[in-house]
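This briefing is for a reader meeting the structure for the first time. It starts with the chains and then turns to selected helices and residues.

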Amino acid sequence: METKKMALIATKGTLDWAYPPFILASTAAALGYEVQIFFTFYGLQLLKKDLSNLKVSPLGNPGMPMKMPFGPKWFKGINWNIPNAVQSLVPGYENIATGLMKQTIANNGVATIPDLRDLCQEAEVKMIACQMTVELFGFDHSDFIGDIEYGGAATFFEFAGETDICLFI
Amino acid sequence: MNFDKELDARGLNCPLPILRTKKSLGELESGQVLKVSSTDPGSVKDMQAFAKQTGNELLSTAENGGEFIFLMRKH
């Protein structure tokens, strides 16, 4: 049987949106797929050596439930409907929301992003950083983990054109 | 039924039970059996899908008080 292939484009640089590319890539690799991820624009954040700066913002995101990861059951069930105007005025609001999100992730036995990225690297998922956006955003290769490649759109197509699954995230 | 290796994936959520299963199978010889315990309800469907796509044989699935037990024979 010929090896199946999957290519992903990761364009988001927040804690929540870091999950889809790494979950799909690690799972596909476990299923025997050859996988490449092309990280471009804000997706470059997912290749940084230090991933502790990934955050989640409930501001302007009406789809995000705001529940507390601690306390009695009735308390955890409350959806805190905080108006955008309030969210935008409270200093450190994003940091608090990110801290609560990380606690929720741990409570649910969901892997952390550094762990999932490590699993992808162990499974030989090939990661490519978009050289153009590295320069556009003033990043340096030393900001990123090793074992990645740098390339452009043509590099992506070289592999993507041969794939069974190709997703833009 | 007898098994050759046991994996405790309880408390873990998608995709970790599958990733750990893949890793554990890698430590077995062809024909040997892995027992996996999980508390992730999604793992029931996922283990079937994993077996189907990788050629490993899912011998049985059982549920006991919110805990799922899988037996998988390595391809």
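Buried residues make up 31% of the 75 residues in chain B. The model is predicted. In chain A, 25% of the 169 residues count as buried. The two chains touch: 11 residues of chain A are in contact with 11 residues of chain B.

**Chain B overall**

- Chain B has 2 helices and 4 strands.
- Starting at the N terminus, these elements of chain B come in the order β-α-β-α-β-β.
- The C-alpha atoms of chain B occupy a box of roughly 30 × 25 × 20 Å along the principal axes.
- A compact globule of 75 residues would have a radius of gyration near 11 Å, and chain B agrees because its own value is 11 Å.
- Of the contacts in chain B between residues at least 6 apart in sequence, 58% link residues at least 24 apart.

**Chain A overall**

- Chain A contains 7 helices and 5 strands.
- Along the sequence, the elements of chain A follow the pattern β-α-β-α-α-α-α-β-α-β-α-β.
- The C-alpha trace of chain A spans about 50 × 40 × 25 Å along its principal axes.
- Among contacts in chain A with a separation of 6 or more, 77% are between residues 24 or more positions apart.

**Where the chains meet**

- The contact between the chains involves 11 residues of chain A and 11 residues of chain B.
- On the side of chain A that touches chain B, helix H1 (residues 19-30) of chain A gives the most, with 4 residues.
- That side of chain A is made up of 6 nonpolar and 5 polar residues, with no charged residues.

**Helix H1 of chain A**

- H1(A) is mostly covered, with 9 of its 12 residues buried.
- The buried residues of H1(A) include A:Pro21, A:Phe22, A:Leu24 and A:Ala25. Also among them are A:Ser26, A:Thr27, A:Ala28, A:Ala29 and A:Ala30.
- Within chain A, the buried residues of H1(A) pack against strand S1 (5-10), strand S2 (34-39) and H5. Across the chain boundary, they pack against helix H1 (16-25) of chain B.

**The pairing of H1 and H5 in chain A**

- The axes of H1(A) and helix H5 (residues 113-122) of chain A come within 9 Å, crossing at roughly 35°.
- The crossing of H1(A) past H5(A) is left-handed.
- From H1(A), the contact uses A:Phe22, A:Ile23, A:Ala25, A:Ser26 and A:Ala29. From H5(A), it uses A:Ile113, A:Leu116, A:Arg117, A:Leu119 and A:Cys120.
- Sorted by class, the contact of H1(A) with H5(A) has 8 nonpolar residues, 1 polar and 1 charged.

**Helix H4 of chain A**

- Helix H4 (residues 93-107) of chain A has 15 residues and reaches 21 Å from its first C-alpha to its last. This is close to the 21 Å expected for H4(A) at 1.5 Å a residue.
- A:Gly109 follows H4(A) and has a positive phi near 65°.

**Two residues of chain B**

- B:Leu25 belongs to helix H1 of chain B. B:Gly26 is in the loop between H1 and strand S2 (33-38) of chain B.
- Is B:Leu25 buried or exposed? B:Leu25 is buried, because 22 other C-beta atoms lie within 10 Å and the cut-off for a buried residue is 20 or more.
- B:Gly26 counts as exposed because it has 8 C-beta neighbours inside 10 Å, and 12 or fewer is the limit for an exposed residue.
- Setting aside neighbours within four places in sequence, B:Leu25 is in contact with B:Leu34, B:Asn56 and B:Lys74.
- B:Leu25 and B:Pro41 are 16 residues apart along the chain, and their C-alpha atoms are separated by 21 Å.
- B:Gly26 and B:Lys74 are 48 residues apart along the chain, and their C-alpha atoms are separated by 8.7 Å.

Methods. Residues numbered from 1 in each chain as written. Chains lettered and ligands numbered in written order. Predicted model: local features only at pLDDT ≥ 70, side-chain atom pairs only at ≥ 80, totals over all residues. Contact = placed C-beta atoms within 7 Å. Nonpolar A, V, L, I, M, F, W, Y, C, P; charged D, E, K, R; others polar. Expected span 1.5 Å × (residues − 1). Rg over C-alpha atoms; globule rule 2.2 N^0.38 Å. Axes fitted to C-alpha atoms, helices over the stretch in contact; angles between N-to-C directions. Left-handed = near helix turned anticlockwise from the far one by under 90°.
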